[in-house]
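Hi,

Here is the structure I promised to pass on.

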Amino acid sequence: MMKIVEPSESQLETIKAILSYQFDSRVADAFIKKPLKISMRLGKIRYVYLEEKRIMTLRPTDFGFTLDIESGKIVLENSEYPKYRVVVKEGVNYLGDVMGIDVIDADPSIKPGDEVVIINNKGEIVGIGKARVPGFMMKSIGKGEAVRIRKVLKNGQKG
């Protein structure tokens, strides 16, 4: 079991810098204002917690954060539409992938590999995933994979 601790000032600065790079300073500031806790692995930040619930994992491969539903909400609340969002059709059972035919709208600046918040046209979170194609191309790829889903909110299927 990893020990969950209060982050030091320098660790908070690291979290803020990564989030500023991955998203923007407004999103980063919103996270830093929260009472975050962290756990370390091999002397480095690995997990970020809010109220004892893990909300982000720092990927050791590229030093980006993976989001979960809670952190996705913080991203949505602190960014303007359509930033960091992929809007999908309702009534589709999203389990592993969002296909291009299901995309209604997407942030055109999304790059492959970016963490994205998947929402419906009412603005409700459907899930969290990783973009597979640029945002400006998502609607045009037909049955191709637009987003690889990692967490799904609806009906507790995944996450």
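Below is what turned up, starting with the sheet.

It's a predicted model, so local features need pLDDT of at least 70 and side-chain atom pairs count only at pLDDT 80 or more, while totals for chains, interfaces and linings use all residues. Residues are numbered from 1 along each chain as its sequence is written, and side-chain values use heavy atoms, with hydrogens and water left out.

Five strands make an open, antiparallel sheet, ordered β1-β2-β3-β4-β5 (strands are DSSP E runs of at least two residues, helices H or I runs of at least four, numbered from the N terminus; pairing takes at least two DSSP bridges). β1 (4-5) and β5 (65-67) are at the edges with a single partner strand each, so one side of each has no neighbour in the sheet. α3 packs on the sheet and touches β3, β4 and β5 (contact: heavy atoms within 4.5 Å).

β3 (44-50) and β4 (53-58) pair over 4 bridges, and Tyr49 has Arg54 in β4 as its bridge partner.

On to the aromatics: the whole structure has 1 aromatic pair (ring centres of Phe, Tyr or the six-membered ring of Trp within 6.5 Å; planes under 30 degrees apart are stacked, over 60 edge-to-face, the rest tilted). Phe23 and Tyr84 have ring centres 5.1 Å apart and planes at 90 degrees, so they are edge-to-face. Both are buried (under 20% relative accessible area; exposed is over 50%, partly exposed in between, with a 1.4 Å probe and protein chains only).

Lys111, in contrast, is exposed at 51%.

Cheers

Definitions and conventions:
Axes fitted to C-alpha atoms, helices over the stretch in contact; angles between N-to-C directions.
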